[in-house]
Amino acid sequence: MPPRTALTVWPLDGIPEIQAGTDLVSVIADAAAGELQDGDILVVTSKIVSKAEGRFVVADDREDAITAETVRVVASRVTPSGFTTRIVENRLGMVSAAAGVDASNTPEGTVLLLPVDPDASARAIAGGLRERLGVEVGVIVSDTLGRAWREGQTDHAIGAGGVEVFEDLRGGTDAEGRPLVVTMPCVGDELAAAADLVKGKAARRPVAVVRGRADLVGALDLPGARSIVRPLERDMFRLGADEAYAEGFAAGAASPSDEGGVGDAG
């Protein structure tokens, strides 16, 4: 494990309102104004990536857009106010509320979808900045997500280019010499959350720079944030509790009754 240095995180000022077709590499490079150096990691809010990619869709009803982006419903609840909250798996494999569909700060009658391929977007931005500025930087595309069993939200990595998203400590030892068997911090999510502390939600600072983890920056073809999504076969919580109960109850009700079976033969 490399020696650790201080971690420094700061937002980039001067990012203008992003429109469809905006060149994010140019915008970010101009805002950085010579600040970047090898090993820096830029955390870019997914909203500006989606805006630049023109991911607006006309949707008078946000629920329709959520349905269109949904692959699988994990849980659904109706609040006392009558609002339905849906936790779903979207086409990117992410499990989140509302499939990542965003209706804030968008033109009236439209909603904003997540980038088509956040990993590809992150790699394109990282590659463009490396070429333009001559520094080896990594890029994380972040989005705000809730967490099971915990209130509130934090930012997570949904795209990554040129950045290790895991720090695999398995096979090593702890400070007492005990073997580490399952320790694999998701540093991609940790970096995204750290950057959100300085970006803020309403400060119009959608890009932050993290310095101090150059050991995580590498080739553009490193596994992206899609590798963070847990495969279905290892998902121990595929459904919400109520949905799992209903599914099990329905399966039990549909199975043949044991009454009158072989054990009853006289």
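Arg213 is buried, with a relative accessible area of 10%; here, buried stands for under 20% relative accessible area, exposed for over 50%, and partly exposed for the range in between (1.4 Å probe, protein chains only). The model is a predicted one, in which local features need pLDDT of at least 70 and side-chain atom pairs count only at pLDDT 80 or more, while totals for chains, interfaces and linings use all residues. Residues are numbered from 1 along each chain as its sequence is written, and side-chain values use heavy atoms, with hydrogens and water left out.

The side chain of Arg213 meets that of Glu167 in a salt bridge (3.2 Å, N to O), the term being used for a side-chain nitrogen of Lys or Arg within 4 Å of a carboxyl oxygen of Asp or Glu. This pair links distant parts of the chain, 46 residues apart: Arg213 sits in the loop between strand 10 and helix 6, and Glu167 in the loop between strand 9 (150–161) and helix 5 (187–199). Helices (H or I, at least four residues) and strands (E, at least two) are DSSP runs, numbered from the N terminus. Glu167 is buried as well, at 13% relative accessible area.

In total, the structure holds twelve salt bridges. Among them, Lys47 and Asp102 pair through their side chains at 3.0 Å, N to O. Lys47 belongs to helix 2 (residues 46–52) and Asp102 to the loop between strand 6 (95–97) and strand 7 (110–112), so the contact ties together parts that are 55 residues apart in sequence. Lys47 is buried, with a relative accessible area of 16%, whereas Asp102 is partly exposed at 22%.

Asp30 and Arg132 form a salt bridge between their side chains (3.0 Å, N to O). Because Asp30 lies in helix 1 (residues 24–32) and Arg132 in helix 4 (residues 118–133), the pair ties together parts that are 102 residues apart in sequence. Asp30 counts as exposed, at 52% relative accessibility, and Arg132 is partly exposed, at 43%. Elsewhere, Glu17, Lys51 and Arg204 are linked in a network of salt bridges.

Met236 is exposed, with a relative accessible area of 70%, and lies in the loop between strand 10 (207–211) and helix 6 (241–254).
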